[in-house]
Amino acid sequence: MQRQYVIAGISGVALVGVMLGGCNPLQPEEDTLTIYSGRGEDLIGPLIQQAEEDLGFNIEVRYGDTAELATTIMEEGENSPADLFFGQDAGALGALKQEGRTVTIPSEILNKVDSRFRDEDGQWMGITGRSRVVAYNENQVDEDELPDSVWDLTSEEYRGRVGWAPTNGSFQAFVTAMRLVEGDERTKQWLEDMNANDPQVYSNNTTTVEAIGRGEVDMGLVNNYYLFRFLADDPDFPVQHHYTRGDAASMVNIAGVSVLDTADDTSQAFEFINYLVSEESQTFFAAETKEYPLIPGMEPPADQLELDEIDPPEIDLGNLEDLEGTLSLLQEAGVL
Amino acid sequence: MFLLLIASITALGMILPPVYLVLRATQSGVDEFLSILTRSRTLETIFNTLSMVAGITLLAVLVAVPLAFLTTRTDLPGKRFWLVATTLPLAIPTYVGSFALLAFAGPRGSVLQIILEPLGVDRLPSVYGWFGVVIVIGLLTYPYIMLTVRAALLGMNPSLEEAARSLGYSQRQTFFRITFPQLKPAIASGSLLVALYSIQDFGTPAMLRFDSFTRVIFTQYRAAFDRTLAAALALVLMLLVMGILLLEFKLRRAGATYYTTSSGAMKPPTIIPLGRWKWVALLFVSLIVFLTLVIPVGVILFWLFRSTLFGGVGYTSFQAVPLWEIVWNSIYAAGLGALVATIFAIPIAILSVRFRNRFTTILERCSYIGFGTPGIVIALALVFFGSSYAQFIYQEMPMLVFAYLVLFLPQAVGTIRGSLLQVNPSLEESAHSLGRNSWQTFREITLPLVRPGIISGAMLIFLTAMKELPATLILAPIGFKTLATQIWQATAEDAAFATAAEASLLILMISSVSTWIILSQEKKAS
C-alpha cells in the first residue's frame, strides 16, 4: 500500500515538474541565434562553438534531417522559432524560398561565393560544395574497367555491379542535373536502361560506400566526402574515387543557408553567414568535412580534384519545379 | 472527473494527426492525388506492405509464444537471464538491426560469406527484400507478443489447468485446450503491436530495399518537400491501419474472449518439468538470443573497435554535450513517456473492458492509430498544432512526452487490457458490496491484479521510446540529445560508426538494467 503512495507521489512531482518546465516562455533570449541544421553536429559543431566565441552571441542549433527540418519550418509558419536554416541540399533551400519564407541576403555577403552556387534572387547561398563521384572497390575493379562517363554504366559490362541510392536527396539532385543538361527524354532513357541493368539499391551514401568496402557491390554513385570517414577508421579500406568529367555524374551540389522571415534579428543571422564564408571557416570545411570551399582562391580538400578540373555542368540548384519533375521521372522510369 | 480529463487529453492526441492529415491532404489537387493513388505501383506497394505485415506477424508469434511459455511455466535453467535477453531486441534500433543482418549474412563480404569462402561460396543469396525485412522486423519486435503473452500467463489462474490435469488431461492436452485458448487475446494484442510497428517502420525497408508504403511517404517528404501529397498518402496508410484494427477487433469478438479467474488470490502456476526436452528448449532460446542479440552486439563491437583493429586514427565525432547528459536525457524522456502513457492507458483499458460500449471501444481502438502511423507524420501534426495553439509548451518537454503518449499509448493499453480480461468482475463487485468505493476497489482489487500488465506496458513504452527518432528530433527542447538521436546523427551523414556503436551499447545496457530491475520488482510482488 505504502509503495503505491510513493509511486503516486513521484508521478505527481514528475508531472508538476514537467508542467513547470513547460512554462518557460518560448521566445529565446534576445541574444540568441536559433539555427535549424540538416548538417550534423559532428560536422559543424566545432565551428558553431568557435563562432559563438568570435561573434559574441549565443547560438542554439536543432539538428535533424534536412528535408524534415525544412518541412517543420513550413508547418511552424509564422511561429517558427528558427532564425536560420542550414541545409545540406539546395532543393530544401529552394522549397523554403518558394514558400516565401526566406529573406534576401545582403549582396556583399552573397558575392563572396561564385554565382553558380547561390540563388539568383539572393534567397539562399551555398557555403560548401560536394561533388558526385564514382566510388569503387579497388580489389574488384581494374582501373581500365572504370567508366569514362555515366552513360557507359548502362552497358552489359556493368550489369549488377553498380550501386545507387534513388531515394536519397543527393542522387536526385544528380538526376535533376542530368535532366537540365541532357533533357528529360534522354535522362528517362538512362534511368530505364540503368534500371534494367540490375543496379543495387542502397538507402544512402553511407550504406553504399560501406557495401562497396565489403565487396557486396563493385562501384557506386555517391558524394565525395563519405569515403574519408571510413578511411579514418581503416586506412586500408579498399575503396577509391573515380571522376567522370563534364557530364551530370560530376555535378556539384551545395550545402547552404537561408535566413528565415521569422528571424528576430536578421543582422545576427547575416553576421553568422558572413562568418561561414570567411577564409578560416572555409578552410575548416575543406580540412574537416572534406567539402569544397566556395570562396575563390581556396585549395580543394586534400586528395580531391579541383572543381574546375571536374568541369561540373551549370544548373540552377534550387529550382523546385525541377525536383518534382525529377521525382515523377524516377517514378515513371520505375526506379522509385 | 479525472477519467474525463484523461479521456479527453487522449482523444485530443488521437484526433490531431488525422485532422492534420485531412487539412493538408485536401490542399493538394484531387486529380494529382487520384493519379498517385491509382498508379499500379501504389497498389503494388499496398500489397507489398500487407504481405510484409503478415510475414512479420507470423514469424513473431512463432518465436514469442514458445519463449513466453518457456520463461514462465517451465523449469528452464536461467529463466530470468533468458527473459531479460529475449526482451532486449526491442531496444535495438532497426537501423542497427538491418546493418547487423547485412554484416552477418549479406551477399558478399559478410561474416557468413567469409566463413564459407573456402568452400567456394563467392556470393550468398540475397537477403534484401521481403525476406530480409521480415527477418529483421520480426526478430526485433517479437518481444511485444512475448511480453503480453507472458503477462497473460502470469495472471492466469492455474486452478483451471490443475482441474484439467486432475480430470486426466495430459500436459499437452492441457496446454492446447485450456492454456492456449486463454492466451489468444494476449497473442492478438501483441500481434497487433507487431503489425502496426512494421507498417510504420521506415529504417528497415529503406535499408533492405523493400517498397513499403511508409517508404513511399518518406520519399514524398524528403525528395519533393511535398507536404500535401505525403499527407494524402499517409491518410491512405491510416485507413490501412484502421482496417487492421477492425480485423483484430472482429477476430477478438469471434474468439469470445472473456476468461476470468475465479479467485483473486494469486497462486504460483505449476512449473512443468522439461525433462529431456530441456536441451531442445535451451537450443531454441540460445538460437533466438544469438540471432537477435549476439549478432547485433557483435556488429556494434566491430564498429567500436574497427579503428583499433585496422590501425586507423579513428573518426571520433565532436560532442558538445557530455555523454552522461545524453544518457540521462534518454532515461528521463523515455521514463517520463512510459510513466505518463501508462497512467493514461489504465483508464482506457478499464473503460474498454469494464464499461464496454461503442464509445469506449472506439476510444480503445483509436489509441492504436498513432502507433501505426509513421513517426514523421505524427511529429509534423504536433508541430502544426503545437506551434500555433500550444506555444507555451512547443518544443518543450511536455510536448515530447505528449508525442510519446500519442505514439506509444497502445503498448500499455494492450497489455493492461490483456491482464484485466482475466480478472473476474465479480471480485470488484464483491468489494463494492462490502462497502468499498470505486477508488478503493480500484486501488485494492483491480490494480494489484493487473500489475503484470501495467509493468509490461510501461517497460514496452520505455524501451521503444528510448529509440524513438523523428518526434524526438523535431519536438524535444532545442539542444536536447538522446542516445537515439546520437545514433542517427552518427550514421546519417557523419558515418561515425564508433560513436553510433557507443550509443547503441549504452541503450542496450540501460535496457537490460531496467528490464532486470522491473522483473525483480515483479518477482517480489508475486
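In this predicted model, helix α3 of chain B packs against α9(B) through a run of side-by-side residues: Thr49(B), Met52(B), Val53(B), Ile56(B), Thr57(B), Ala60(B), Val61(B), Val65(B), Phe69(B) and Arg73(B) on the α3(B) side meet Phe175(B), Thr179(B), Ile187(B), Ser191(B), Val194(B), Ala195(B), Ser198(B) and Ile199(B) on the α9(B) side. Sorted by class, this contact comprises twelve nonpolar, five polar and one charged residues. As for geometry, α3(B) spans residues 40–73 and α9(B) residues 171–200, and their axes come within 9 Å of each other. The crossing angle is roughly 135°, so the two helices, α3(B) and α9(B), count as oblique to each other. The crossing of α3(B) past α9(B) is right-handed.

Several strands pair with β5(A). One of them is β10(A), residues 252–260, which joins β5(A) in the antiparallel sense over six bridges; here Ser131(A) has Val252(A) as its bridge partner. Strand β11(A), residues 292–293, also pairs antiparallel with β5(A), this time over two bridges, with Gly129(A) opposite Tyr292(A).

Then there are β8(A) and β9(A). Strand β8(A), residues 219–223, runs antiparallel to β5(A) and is joined to it by five bridges, while β9(A), residues 239–242, is likewise antiparallel to β5(A), with four bridges. Val134(A) turns up in both pairings: it stands opposite Leu221(A) in β8(A) and opposite His242(A) in β9(A).

Notes
Residues are numbered from 1 along each chain as its sequence is written. Chains are lettered from A and ligands numbered from 1 in the order in which they are written. This is a predicted model: local features need pLDDT of at least 70, side-chain atom pairs count only at pLDDT 80 or more; totals for chains, interfaces and linings use all residues. Side-chain values use heavy atoms; hydrogens and water are left out. Axes are lines fitted to C-alpha atoms, for helices over the stretch in contact, and angles run from 0 to 180 degrees between N-to-C directions. Angles under 35 degrees count as roughly parallel, over 145 as roughly antiparallel, 65 to 115 as roughly perpendicular and the rest as oblique. A crossing is left-handed if the near helix is turned anticlockwise from the far one by less than a right angle, and right-handed if clockwise. Contact means heavy atoms within 4.5 Å. Ala, Val, Leu, Ile, Met, Phe, Trp, Tyr, Cys and Pro count as nonpolar, Asp, Glu, Lys and Arg as charged, and the others, Gly among them, as polar. Two strands pair if DSSP finds at least two bridges between them.
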